[in-house]
Amino acid sequence: MPANPFHLAWFLQGSSIQAWGEPWTGNIAQEWMTADMFLDLVRSMERACFDYILIEDSIYVGQNWQNSRDIFLKGGICVPRQEPSVVASIMAAATKRLGIVPTLSTFAYHPYLTARIVSSLDQISGGRAGWNMVTGSSDLSAQNFGMDKLPEHDQRYVMAEEYIDIVKGLWGSWEPGAILDDRENGILIDPAKVHTIDYKGQYYASRGPLNSGPCPQGQPVIAQAGGSKSGRKIAATHADTIVAAPNGVANMKQYRDDIRAQMAAMGRDPDSCKILFLLSPVVAETEEQAKWAAEQRRVQAAANLDARMARFGWSTNLDLSDLDLDTPVSELVLTTNGHQSSLSQFLTRAGDKPLRQAMVDHVSVGYCVDMVGTPDSVASQMDEVMQEVGGDGFLLVLSDVSRRSVATIMDGLVPVLQRRGLTRRAYAHEQLRDNLLEF
């Protein structure tokens, strides 16, 4: 029996320059600063009827390898990155149905500013905006905003509860029907339907109302990556779609069951939130070509181990440059105030492997599960995983966003999924929330 239809979205890691150094990327070192590659990507996604694109972000240049920025700058590791709300705006202008979800971090944007940016994006896109809520993971980013360091991990989520309450309150500060457009009496807006929120918390405050006006969706979609215990709780409380990265089908199912149980306990309908699992498939014309491409990932990981470890350290807020690569990971003492779930997953996968081997294996995997093969075989694998997990779909992420790599998904894999009835062939709705709730 085939699985029920599932959702597809795209996780854009940073800017288009992440494809620099990969084959078939053309003159990307000059082209990345233009809008063309972004627009090619989202137009392809819309043809393939994806739900949304999530624009990842960070607000710093890495320095957590030998306490230097050199390896990050020379290799273009997570830099340069452009302001996601600007990129989101041009994507919205180039599409008609695709959801656009920029990342806006709670430590860098005041909640009023986040509410205003996302409501504006919702308006200009006709109800297709979302907000990827993150609390930050690096002290280097905090220092760009005048702080010595980020608050402790769990404390950031306590603060985020206030933050989200303000954002949602501001989105709700305009009642439905507030825009009267009553020309006969000269009244554009009904004052009785626009309200202050007068929120004064321990960490944030805002008076309101939002001056940008009402959102077409009422409340734009909230996305969140809930991996840690604190992250899962806030995701279950507020998220409409969740970025999930547990390793292996059993852990994927356990994660989804846990989030849905938490939602039910809070009185939320678990089906109102779509959990999308990160997936980096290797798709090629033949099985042999796909296996070769997958092996090249491992070869490149081993050949560029310093860069790979620096990239891992960038995401976990760790400098691993002084560690002995032959030491079993189980003997290392690694803790972080950054992405705790990322570190935890690495430690679990690594076990007693030497650090060198564990890192090669870690950066070579397809995130939640490995999927390698032809469009037909990868489609079958995706179907099987969704049957075992129970839903709701996949958030695709590629190691590069070259036009060739994107084509393997949009023109190779997706048509097979559509023919099998596993993903949509056409959008049923104009707004992002409605498309997420379609199935």
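These notes cover the fold, helix packing and cores of a predicted model.

1. Basis. Local features need pLDDT of at least 70, side-chain atom pairs count only at pLDDT 80 or more, and totals for chains, interfaces and linings use all residues. Residues are numbered from 1 along each chain as its sequence is written, and side-chain values use heavy atoms, without hydrogens and water.

2. Overall size. The protein chain has 439 residues and a radius of gyration of 22 Å, which agrees with the value near 22 Å for a compact globule. That radius is taken over C-alpha atoms; the globule rule is 2.2 Å times the number of residues to the power 0.38.

3. Barrel. Eight strands form a closed barrel with parallel pairing, in the order β1-β2-β3-β4-β9-β10-β11-β14. The twist averages 25° from one strand to the next. Strands are DSSP runs of E, at least two residues; helices are runs of H or I, at least four, and both are numbered from the N terminus. Pairing requires at least two DSSP bridges. β1 (residues 7-12) and β2 (residues 52-55) share four bridges.

4. Helix on the sheet. Helix α15 (residues 403-419) touches β1 and β14 (393-396), at about 170° to the direction of β1. Contact means heavy atoms within 4.5 Å. Angles run from 0 to 180 degrees between N-to-C directions, with axes fitted to C-alpha atoms, for helices over the stretch in contact.

5. Core. Trp10, Phe50 and Phe394 touch the most other members of the largest nonpolar core, which has 85 residues. Helix α7 (residues 153-171) gives the largest share, nine residues. A core joins buried Ala, Val, Leu, Ile, Met, Phe, Trp, Tyr and Cys residues through side-chain atoms within 4.5 Å. Buried means under 20% relative accessible area, exposed over 50%, partly exposed in between (1.4 Å probe, protein chains only).
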